[in-house]
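Hi there,

Here is the structure I promised to pass on to you. Please open it first, and then read my notes alongside it.

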Amino acid sequence: MLDPNSNRAEIRPNDDYSSGSRQFQADVLISTPSADECIHQIFNGSTAPFLLLREETNNNGSLKVALHTGGSASNLATNLYGTWFRLNSINDLNNGNTYLYVNGSLVWSGPNPGGTFYTKYGCYGSHTIDAKIQFKNVKQFSGGNEVTQDFSLSATPSSQTVAAGGNTSYAVTATF
């Protein structure tokens with residue numbers, strides 16, 4: 001964000017849903033400290049976000065959740081500035097819960113209000129100049145839950161022996 005008159009750069013996949021589950025996944029890099037920038041939202045209905053994930057300047061870059069119904073949890077993850085981290089959110093309407101993961105570790109879970117949802121991500125919420133938040137490898141999955149995902153990975157060959165300083169190759173297959 002380079003313009004103090006604009007407070008958002010965001011992407012909203014066209015994927016409204018009211019049943020099943022959705023998982024959002026992205027690698028995120030926060031390069032420049034900012035003030036309370038929202039990087040991920042799960043909306044419930046056409047006007048209000050149910051869940052906002054905000055980047056904070058404390059603890060060398062941290063994440064906190066703010067809920068539209070009130071309440072928040074701070075310091076879900078810390079020391080995030082200048083390092084790529086994997087963000088996953090699962091909104092599971094089958095069991096009525098939402099889950100947030102950072103680098104594969106569950107950092108927050110709570111009930112969702114039900115209804116129709118959609119997801120957004122980007123950099124928005126304040127008028128901080130020079131906020132720099134990058135996303136790559138962004139994916140959105142349907143199905144799965146906090147225990148069972150809807151894909152598997154396999155490698156061929158299953159193992160190899162490599163001498164120190166050498167290299168090898170594997171063929172990796174993803175099955176959905």
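This is a predicted model: local features need pLDDT of at least 70, side-chain atom pairs count only at pLDDT 80 or more; totals for chains, interfaces and linings use all residues.

Residues are numbered from 1 along each chain as its sequence is written, and side-chain values use heavy atoms, leaving out hydrogens and water.

Five of the six residues of β8 are buried (under 20% relative accessible area, with a 1.4 Å probe and protein chains only), so the strand is largely enclosed by the rest of the structure. Strands count as paired if DSSP finds at least two bridges between them. β8 runs antiparallel to β7 (residues 85–92), and six bridges join the two. Within this pairing, N88 stands opposite Y101. The hairpin of β7 and β8 has four residues between the strands, and G96 in its turn has a positive phi of about 75 degrees.

Six bridges also join β8 to β9, again antiparallel, with Y99 partnered by S109. Two residues lie between the strands of this hairpin, including N103 in the turn. N103 has a positive phi of about 50 degrees although it is not a glycine.

N60 is another non-glycine residue with positive phi, near 60 degrees. You will find N60 in the loop between β4 (48–56) and β5 (62–67).

Next, have a look at F24 in strand β2 (residues 21–32). F24 is buried, at a relative accessible area of 2%. Beyond its neighbours within four places in sequence, its contacts (heavy atoms within 4.5 Å) include H40, L87, N88 and Y121.

Finally, the rings. There are five aromatic pairs, meaning Phe, Tyr or Trp rings (for Trp, the six-membered one) with centres within 6.5 Å. Y17, F50 and F117 form one aromatic cluster. Two charges also sit over rings, which requires NZ of Lys or CZ of Arg within 6 Å of the ring centre and within 35 degrees of the ring normal: R12 over Y118 at 3.5 Å from the ring centre, and K136 over W84 at 4.3 Å.

Enjoy exploring!

Best wishes

Key:
Rings of Phe, Tyr and Trp (its six-membered ring) pair if their centres lie within 6.5 Å; planes under 30 degrees apart count as stacked, over 60 as edge-to-face and the rest as tilted. Buried means under 20% relative accessible area, exposed over 50%, partly exposed in between (1.4 Å probe, protein chains only).
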